[in-house]
Amino acid sequence: MIQVAIMGHGVVGSGVAEILLTHKNSLKKKVHNDISIKKILDLREFPELSYSDKFTKDFNDIVNDEEIKVVAEVMGGVNPAFDFVKRCLEAGKSVVTSNKELVAKKGAELLAIAKEKNVSFLFEASVGGGIPIIRPLNNCLVANEVDEIAGILNGTTNFILTKMITESMSFKDALSLAQQLGYAERDPSADVEGHDACRKICILASLAFGKHVYPDNIHTEGITNISLEDVEYANNWGGVIKLIGDVKHMPDNMLDIFVAPMLINNESQLSGIDDVFNGILVRGDATGDVVFYGKGAGKLPTASAVVADIVDCIKNMSTGKYLFWEDCDGSNVMPYEESVSAMYVRATGDIKSAEKVFGEISKLTRKKAPDNEIAFTTDEMSVKKFNAKLSELEKSGVKVINTIRIGDL
């Protein structure tokens, strides 16, 4: 019998317990052994549950128990999760987690400890919830040189943008609906300001390119400035607006990585991914574009990925299953000002001023636009050059309302 522990009994933690208990027989066939929950760490009590006797409020009951071989961390946040996970690894226990913030900020250190102790530190659920992406990236696509990873990595923002696109709902109303349906937290800033997507693209970039990418080094924009006017212009342009986490491997081994709203052409495989669904596009030199699609969050989809990692740990208990990347000081990240993209601009003023500053532009239209409103797309240029031209444009009397990158996806 393999004894496991769960740290945290919230939405995901309760889902992990549910799957381990209800899928006992099928899991036994996969690992040729019984998987038993020995301890569940939570400060709350759950006397109504059939497994209420397994709860503890003392982390030492887990870390000091030599019978517990695999620990699932589903508490979230960095503190105390980092300390608990580190101590479990140092005690020779494999750890699986759905905690994207922990992996994005402390992954290199924890992976190094796991390697030293010959145990596993796995985190399939940290990026795409129930969507398999870590394992395919590490195993199935290993023969490829990955050129780019781009994805809709946050279901909350995708739901909001979908409502804006399909129902002409304002950002404020769409956010309120997302909160009512349980898709957005009371404080939605981690989602709508892009921080959640940033952590996820950092994890994917670290795994794909071998060096840790820290969220603090990544240019991150959210969707709070997106309006229905922008959505309408995007539609007339022939596309939609999506919040995208993107990393490109540049010729000098630097990474062009950011999180930002992007205009995506309707022909892109990512353009039709709506509501709370996520989609992750991986560009390999051998496979071309491969897209992973599914629910990026939710109790059972995320718990499913956590349990899959538990199974992997058990199957590789004698040897350890390694994911690994080196630590890095941020020198692998290209300055955002050097990133190159075509851009969308919405402003008030004279279109001739825009043509004078930017040269050749493509003018956009929408119904019932005010007489002094202009919108256009530019050719590709660096962010630094674009910002300089924006300053020049505003000096000519044009007031810029919003700018959005245009994706080549």
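Helices (H or I, at least four residues) and strands (E, at least two) are DSSP runs, numbered from the N terminus. The model described here is predicted.

Lys368 lies in the loop between β14 (362–363) and β15 (373–377). Its phi is near 60°, a positive value in a residue other than glycine. Lys368 is also exposed, with a relative accessible area of 84%. Asp275 has a positive phi too, near 55°. This aspartate sits in the loop that links β10 (255–265) to β11 (277–284). Asp275 is partly exposed, at 33% relative accessibility. Most residues other than glycine have a negative phi, and most peptide bonds are trans. A cis peptide bond runs from Asn79 to Pro80, with omega near 5°. Pro80 belongs to the loop between β4 (68–73) and α4 (81–90).

Two helix pairs were examined for packing. The crossing of α5 and α11 is left-handed. On the α5 side, the contact is made by Lys100, Glu101, Val103 and Ala104. Asp196, Arg199, Lys200 and Ile203 contribute from α11. By class, the residues of this contact of α5 with α11 comprise five charged, three nonpolar and no polar.

In the other pair, helix α14 (residues 351–358) packs with helix α15 (residues 383–395). The angle is about 140°, and the axes are 10 Å apart. Because angles over 145 degrees count as roughly antiparallel, α14 is classed as oblique to α15. The crossing of α14 and α15 is right-handed. From α14, the contact draws on Ser353, Ala354, Val357 and Phe358. Facing them in α15 are Phe386, Lys389, Leu390, Glu392 and Leu393. Six residues of the contact of α14 with α15 are nonpolar, one is polar and two are charged.

A search of the whole structure finds zero disulfides. The sulfur of Cys88 is 12 Å from the closest cysteine sulfur, that of Cys313. Cys88 is buried, with a relative accessible area of 0%. Cys313 is buried as well, at 1%.

Two further positions were considered, Val142 and Asp147. Val142 is in the loop between α7 (134–140) and β7 (146–152). At 60% relative accessibility, this valine counts as exposed. Val142 and Ala208 are 66 residues apart along the chain, yet their C-alpha atoms are separated by 9.1 Å.

Asp147 is in strand β7. Its relative accessible area is 38%, and Asp147 is thus partly exposed. Beyond its neighbours within four places in sequence, Asp147 is in contact with Val247, Lys248 and His249, and also with Arg283, Gly284 and Asp285. Asn236, in turn, is 89 residues from Asp147 in sequence. The C-alpha atoms of Asp147 and Asn236 are 30 Å apart in space.

Terms used:
Residues numbered from 1 in each chain as written. Predicted model: local features only at pLDDT ≥ 70, side-chain atom pairs only at ≥ 80, totals over all residues. Heavy atoms only, no water. Disulfide = S-S within 2.5 Å. Buried < 20%, exposed > 50% of the residue type's maximum accessible area, 1.4 Å probe, protein only. Left-handed = near helix turned anticlockwise from the far one by under 90°. Contact = heavy atoms within 4.5 Å. Nonpolar A, V, L, I, M, F, W, Y, C, P; charged D, E, K, R; others polar. Axes fitted to C-alpha atoms, helices over the stretch in contact; angles between N-to-C directions. Parallel < 35°, antiparallel > 145°, perpendicular 65-115°, else oblique.
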